[in-house]
Amino acid sequence: MRITKVIVLPYDRAWESAFEEIKKEIEGAIGDLMIGIEHVGSTSVEGLSAKPCIDIDVIIKDYSIFDAVVSKLEAIGYIHEGNLGIKDREAFKYLNKPHLQTHHLYVCPQYSRELHRHIAFRDFLRSNGEAVEKYSLVKETAARLFPDDIDKYMEYKASCIEELYMLCGLK
């Protein structure tokens, strides 16, 4: 689903409980196959402005169980979309989940570089209030400037993200 309107909101504590609801449903389907499930992305960082969409990384040991994961997720309404160009991060879309907050679901093997990047960036932001303030301002400004263009929104905040990646050792 392509975003047509860019909306960035101040941090909302409800995002954590929204994550817990999604997590519970996913654990019920594949809990025996996964190592863990992580709330990543901007909604996982207290105080950070974000698009109101929960980003979730499900961690599996390796791809030997991936077909079983896909099958069990399909049974609860998720559809495997492939890696969308990012190695070792499999994306899933969903249908008919009005009871859950809008979310992005990814399944990653425990050795995934993308998983490591998500967690390292989240943890850096969680421990750095100054970075949270700066990134929030950039995101809010980008959403105001480009409310109808997700690509320009992403482009606008790219240099800030690169700078934060340098600070947390991801570049």
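These questions and answers walk through a predicted model of one protein chain.

Me: Which pattern of helices and strands does the protein chain follow along the sequence?
Reply: The protein chain has 5 helices and 5 strands. Read in sequence order, they give the pattern α-β-β-α-β-β-β-α-α-α.

Me: What radius of gyration does the protein chain have?
Reply: The C-alpha trace spans about 40 × 35 × 30 Å along its principal axes. For 171 residues, a compact globule would have a radius of gyration near 16 Å. The chain agrees with that, so its value is 16 Å.

Me: How much of the protein chain do buried residues make up?
Reply: A residue counts as buried when its relative accessible area is under 20%. Of the 171 residues in the chain, the buried share is 43%.

Me: How are the rings of F121 and Y165 paired: stacked, or edge-to-face?
Reply: The structure holds 7 aromatic pairs. In the pair of F121 and Y165, the ring centres are 5.0 Å apart. Planes over 60 degrees apart count as edge-to-face. The planes here stand at 90°, so the pair is edge-to-face.

Me: How many residues apart are F121 and Y165?
Reply: F121 sits in helix 3, and Y165 sits in helix 5 (residues 150–167). Their pair links distant parts of the chain. The separation is 44 residues.

Me: Is Y165 buried or exposed?
Reply: The cut-off for buried is under 20% relative accessible area. F121, its ring partner, has 11% and is buried. Y165 has 9%, so Y165 is buried.

Me: Which residues do ring pairs link into a cluster?
Reply: Aromatic rings pair if their centres lie within 6.5 Å. Such pairs join three residues into a cluster: Y63, F66 and F92.

Me: Which residue lies over the face of Y135?
Reply: For a Lys, the charge must be within 6 Å of the ring centre and within 35 degrees of the ring normal. The distance here is 4.8 Å from the ring centre of Y135. The residue over that face is K139.

Me: Which helix gives the largest share of the lining of the second largest pocket?
Reply: About 260 Å³ of space lies in this pocket. Its lining includes R113, E114, H116 and R117, and Y165 is also among the lining residues. The largest share, 4 residues, comes from helix 3 (residues 113–126).

Me: How many residues in the lining of the second largest pocket are charged?
Reply: Asp, Glu, Lys and Arg count as charged. Among the lining residues are K87, D88 and K171. The lining has 4 nonpolar and 2 polar residues, and the charged ones number 6.

How values were computed. Residues are numbered from 1 along each chain as its sequence is written. This is a predicted model: local features need pLDDT of at least 70, side-chain atom pairs count only at pLDDT 80 or more; totals for chains, interfaces and linings use all residues. Side-chain values use heavy atoms; hydrogens and water are left out. On a 1 Å grid over the protein atoms alone, a cavity is a set of points where a 1.4 Å probe fits but cannot get out, and a pocket is an open set with protein on both sides within 12 Å along at least five of seven lines; lining residues have an atom within 4 Å of a point. Grid points are joined across faces, edges and corners, and a volume is the space filled by probe spheres set on the points. Helices (H or I, at least four residues) and strands (E, at least two) are DSSP runs, numbered from the N terminus. Rings of Phe, Tyr and Trp (its six-membered ring) pair if their centres lie within 6.5 Å; planes under 30 degrees apart count as stacked, over 60 as edge-to-face and the rest as tilted. Buried means under 20% relative accessible area, exposed over 50%, partly exposed in between (1.4 Å probe, protein chains only). The radius of gyration is taken over C-alpha atoms; the globule rule is 2.2 Å times the number of residues to the power 0.38.
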